[in-house]
Amino acid sequence: MAVDTETRREPRHAQAAARPRRGPGLWHFLTFAAPGTLIYFCFVVLPIGLSFGYSLTNQALLRPKTQFVGLRNYKLLFQDDTFLQSLKVTTILTLIVVIVPNVLGVAIAVLLDRRGWLYNALRSVFFTPMVISSVVISVIWTRILADDGPINQALRGLGVRQPPGWLSDPDLALYSLASIVCWQMLGFCVVVYLAGLQGVPQELAEAAAIDGAGPVRRFRSITWPLLAPALTINTVVLLISAFKIFDHVKVITNGGPGTGTTATVAFVILQEGFVENRTGYASAEAVVMLVIIAALAVLALRILQRREVQL
């Protein structure tokens, strides 16, 4: 009988040991996800939903009555010369901010990809503008690029009688603004590319050097393809950051000189919503900007990630 009992118990123990242990339940995950999900809903999803709802009305902060107007704001939007001009300005600014920091960032990262205290110090120097407030950066550069600022004073000292109006000339103001943004974002690109360079196997470069490949050929055939993930990160971040620039424009040029020469979409939205008291119309502009940014970001990710797979 004892033998029979043991033989009966063994299958039960074996079944218990073979039975998979139950993982955390649904409520366990909801408990940890609830705070972050609630914050995301309150500060991201809810404002987007409210903006879309306001865009279908003639909502205004100082108007007691609000009426539903449907898609009228969107129809007026694409007939508004101010908004269309801001789209043009934002497009030019975004192209400059995406291209220039990427090109310079790769070059500087390659030069700083060495060991030593000097290179570590230079990395910190290049990244410092990223951690400084954009308002502080704008105030500093406004003084530097002023008509009587240090740059123009130096040019006068070199014999230039009429130095350029970096921020007062309508033909130069947008490019001066873009240069300031590029200067501030350059450190971010350098750090990301430096991180990518750390992942490039030295064996490949050494093998290519033994085969007779020069520095340019090694960079083009080995280093640059392996920097594809870094390029994706920098391009998407710069694209989103440049398209929603507001603080630089407000502090440096206030949308001028002239009428809308440096007014970005974000600047026009804030002007319409809080200065012109047209909350519904500004919400429609914000929704359009959100759609454009999302579409461009998805398109850039698709193209650049496809390049990563092909490499």
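## Salt bridges

The count of salt bridges comes to two. A salt bridge here is a side-chain nitrogen of Lys or Arg within 4 Å of a carboxyl oxygen of Asp or Glu. Side chains of opposite charge can pair when their charged atoms come close. This is a predicted model, in which local features need pLDDT of at least 70, side-chain atom pairs count only at pLDDT 80 or more, and totals for chains, interfaces and linings use all residues. Residues are numbered from 1 along each chain as its sequence is written, and side-chain values use heavy atoms, with hydrogens and water left out.

Asp148 is partly exposed, at 46% relative accessibility. Arg143 is partly exposed too, at 48%. Buried means under 20% relative accessible area, exposed means over 50%, and partly exposed lies in between (1.4 Å probe, protein chains only). Glu272 forms a salt bridge with Arg278, and the closest N and O atoms are 3.4 Å apart. Glu272 is buried, at 9%, whereas Arg278 is partly exposed, at 36%.

## Two buried residues

Asn152 sits in helix α7, residues 150-157. Helices are DSSP runs (H or I, at least four residues), numbered from the N terminus. Asn152 has a relative accessible area of 1%, so Asn152 is buried. Leaving out residues up to four places away in sequence, Asn152 touches Ala146, Asp147, Pro163, Pro164 and Trp166. Contact means heavy atoms within 4.5 Å.

Gln184 belongs to helix α8, residues 173-198. Gln184 is also buried, with a relative accessible area of 5%. Beyond residues up to four places away in sequence, Gln184 touches Pro129, Met130, Ile132, Ser133, Ser134, Ile137 and His248.

## Helix α8 against helix α11

The axes of α8 and α11 (residues 228-243) come within 9 Å and cross at roughly 160 degrees. That makes α8 roughly antiparallel to α11. Axes are lines fitted to C-alpha atoms, for helices over the stretch in contact, and angles run from 0 to 180 degrees between N-to-C directions. Angles under 35 degrees count as roughly parallel, over 145 as roughly antiparallel, 65 to 115 as roughly perpendicular and the rest as oblique.

From α8, the contact uses Met185, Phe188, Cys189, Val192 and Tyr193. From α11, the residues include Ala230, Leu231 and Ile233. By class, the contact has 10 nonpolar, two polar and no charged residues. Ala, Val, Leu, Ile, Met, Phe, Trp, Tyr, Cys and Pro count as nonpolar, Asp, Glu, Lys and Arg as charged, and the others, Gly among them, as polar.
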